[in-house]
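Please keep the sequence and the model in view while going through them.

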Amino acid sequence: MTPQLARRRPQRIATFAAVLLAGTSLAMISLHPAFADDQSLNATAKVQQDFKPIQSFAPLVKIVKPAVVSVTVHLKVHNVAEHQPPGMNGMPFPFPFPQPQQPQAVEAKGSGFFISSKGYLVTNNHVVKNAKSIFVTLSDGERLPATIVGTDPSTDLAVLKVDRAKPFPYLELGDSANVTPGQWVIAIGNPFGLAETVTTGVVSALGRDIGDGQYDSFIQVDAPINEGNSGGPLLNQKGEVIGVNTAILTPTGGSVGIGFSIPSDMVKRITTELIKYHHVTRGFIGVQIQEISPEMAAAMNLPSHDGHANGALIAETVPNGPAAKAGLKAGDVITKVDGKTVHTVRDLALEVSEVKPGQDVHVTYIRDGHEKTAAIQVEKFPKNAAAAFNPNAPHNSTSNTSKADLGLSLSQLTSALHQQLGIPSNVQGAVITHVTADSPADQAGLRDGDVIVGIGSATVTDPDQAVSAIDAAKSKHAKAVAVRIMRDGQSIFVAIPLPKDGAKK
């Protein structure tokens with residue numbers, strides 16, 4: 001059985017099944033808390049008062065557990081499988097279970113922890129995604145309604161806020177740069193709805209890229225992490241949070257000792273931004289980049305060690321974008337950003353994302369075997385980055401009615417997007433660049449980066465064909481349109497309900 005890489009989806013209880021289903025930037029951001037706190041409630045400080053290498057974790061756990069909460073999310077989804085954990089019943093995500101014909105009420109459970117006595121707490125974005133209402137349960141059983149302060153899907157982080165007259169115990173975010181493989185760690189969370197569960201282990205590795213996003217840089221641990229642990233803290237022996245538990249590698253849906261946590265240094269940056277501005281702003285230089293294979297390194301005569309060459313190969317630049325204005329073009333290899341070596345494309349993405357828009361970033365690159373330098377003025381990351389690379393293509397549906405009805409924006413599947421999305425070069429279609437919240441497309445489970453390759457039995461090769469096929473289905477007064485998409489290397493059908501004529505837009 002092939003192991004599945006799964007986000008720790010929150011635990012869910014669906015009315016149709018008698019089973020438990022679980023659950024930047026930015027340089028220039030001040031990392032000081034955006035709030036004043038009552039230091040007497042600082043659970044981490046209490047642990048450190050008489051810190052010694054721990055023979056038993058019991059004293060630490062007793063102090064920090066009141067700062068850890070269970071997160072319960074009520075939501076109503078039209079496609080329950082979109083919210084199911086990958087790998088259930090040994091089947092690959094998505095859509096492993098038969099789909100209900102009617103919307104189902106679902107309760108999801110995850111974990112979280114306070115970072116302020118004022119009631120700010122951290123969890124995962126995927127725990128609270130599509131929430132209609134959110135409640136947190138404290139260690140003493142008190143249940144409080146929570147509101148979303150801000151979310152960042154790119155790093156899967158969310159900040160919630162709860163209120164009461166009495167302040168809250170909280171945990172400090174530690175320095176994940178000082179984490180080393182082999183050190184002891186403690187995870188606390190709500191696996192399978194079992195609140196305040198404590199597990200221990202060691203750090204297995206650092207900087208893991210699990211292919212979940214361009215900002216992946218996870219801490220790998222062997223402490224057991226299961227469904228419902230999402231959003232819970234990973235602590236060191238000093239009681240500091242060094243990570244937020246988020247995903248596991250699993251063949252069964254349960255823990256096999258390979259878990260992944262978002263590093264606390266990233267959590268500091270993102271949560272500070274979310275609390276101050278309710279969103280995250282990232283830098284953008286307008287390049288599509290790809291890894292350099294040994295064959296490519298040899299073909300381009302790049303310096304390499306054992307066949308591996310450092311750098312990020314530019315596959316495409318945004319016309320008149322920041323990099324293009326600075327003189328960079330396809331075929332250039334970026335090797336350094338502000339003096340820091342770029343080993344992989346992820347290094348470049350992380351470094352650029354943390355530069356404040358409007359500032360310059362200095363890059364070193366190789367062109368035709370010669371090393372060059374350039375200063376690039378960083379811009380704000382656009383909402384529709386994929387469309388920026390092909391401004392003359394029909395980024396949105398050419399029929400305004402279809403776009404408004406279904407909530408889809410489409411773009412031509414370019415060679416650069418083939419590389420970025422991991423789509424085989426022989427696949428043609430229309431890439432989804434935006435899905436409107438609560439639209440029929442959103443309710444059906446479609447998301448940015450899905451590639452429409454067919455409508456019903458008809459093949460789709462570009463956005464115009466997709467729109468025409470959808471309009472044809474509407475003209476036949478169909479109740480839904482069957483859309484075949486390519487996602488994560490799999491071809492699957494998704495049924496999108498078609499609004500009735502005259503329905504409210």
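Over which ring does the charged end of Arg 143 sit? It sits over the ring of Phe 135, 4.1 Å from the ring centre.

1. Basis of the note. This is a predicted model, in which local features need pLDDT of at least 70 and side-chain atom pairs count only at pLDDT 80 or more, while totals for chains, interfaces and linings use all residues. Residues are numbered from 1 along each chain as its sequence is written, and side-chain values use heavy atoms, with hydrogens and water left out.

2. Charges over rings. A charge sits over a ring if NZ of Lys or CZ of Arg is within 6 Å of the ring centre and within 35 degrees of the ring normal. Besides Arg 143 over Phe 135, the charged end of Lys 161 sits over the ring of Tyr 120, at 5.3 Å from its centre.

3. Asn 124. This residue belongs to strand 6 (residues 120-124); strands (E, at least two residues) and helices (H or I, at least four) are DSSP runs, numbered from the N terminus. With a relative accessible area of 0%, Asn 124 is buried (buried means under 20% relative accessible area, exposed over 50%, partly exposed in between, with a 1.4 Å probe and protein chains only). Its side chain reaches the backbone nitrogen of Gly 231 at 2.8 Å. Not counting residues up to four places away in sequence, Asn 124 touches several residues, among them Asp 156, Ser 230, Val 244 and Ile 262 (contact means heavy atoms within 4.5 Å).

4. Aromatic pairs. The structure holds four aromatic pairs; rings of Phe, Tyr and Trp (its six-membered ring) pair if their centres lie within 6.5 Å, and planes under 30 degrees apart count as stacked, over 60 as edge-to-face and the rest as tilted. One of the pairs is formed by Phe 218 and Phe 260, edge-to-face at 6.2 Å centre to centre with 65° between the planes. This pair links distant parts of the chain, as Phe 218 in strand 12 (residues 218-221) and Phe 260 in strand 15 (residues 259-263) are 42 residues apart. Both Phe 218 and Phe 260 are buried.

5. A second pair. Why is the pair of Phe 284 and Phe 381 edge-to-face? The ring centres of Phe 284 and Phe 381 are 5.2 Å apart and their planes lie at 80°, so the pair is edge-to-face. Phe 284 is in strand 16 (residues 283-284), and Phe 381 is in the loop between strand 23 (379-380) and helix 8 (385-388), 97 residues apart. Phe 284, at 8% relative accessibility, counts as buried, whereas Phe 381, at 30%, counts as partly exposed.

6. Helix 12. The 13 residues of helix 12 (residues 463-475) should span 18 Å at 1.5 Å a residue, and its end C-alpha atoms are 18 Å apart, which agrees (the expected span is 1.5 Å times one less than the number of residues). Its buried residues include Pro 463, Ala 466, Ile 470 and Lys 474.

7. Helix 7. Eight of the nine residues of helix 7 (residues 345-353) are buried, including Arg 346 and Asp 347.

8. Backbone angles. Most residues other than glycine have a negative phi. Phe 192, in the loop between strand 10 (184-189) and strand 11 (197-208), has a positive phi of about 55°.

Key
Polar contact = N/O pair within 3.5 Å; in protein donor to acceptor, adjacent residues only side chain to side chain.
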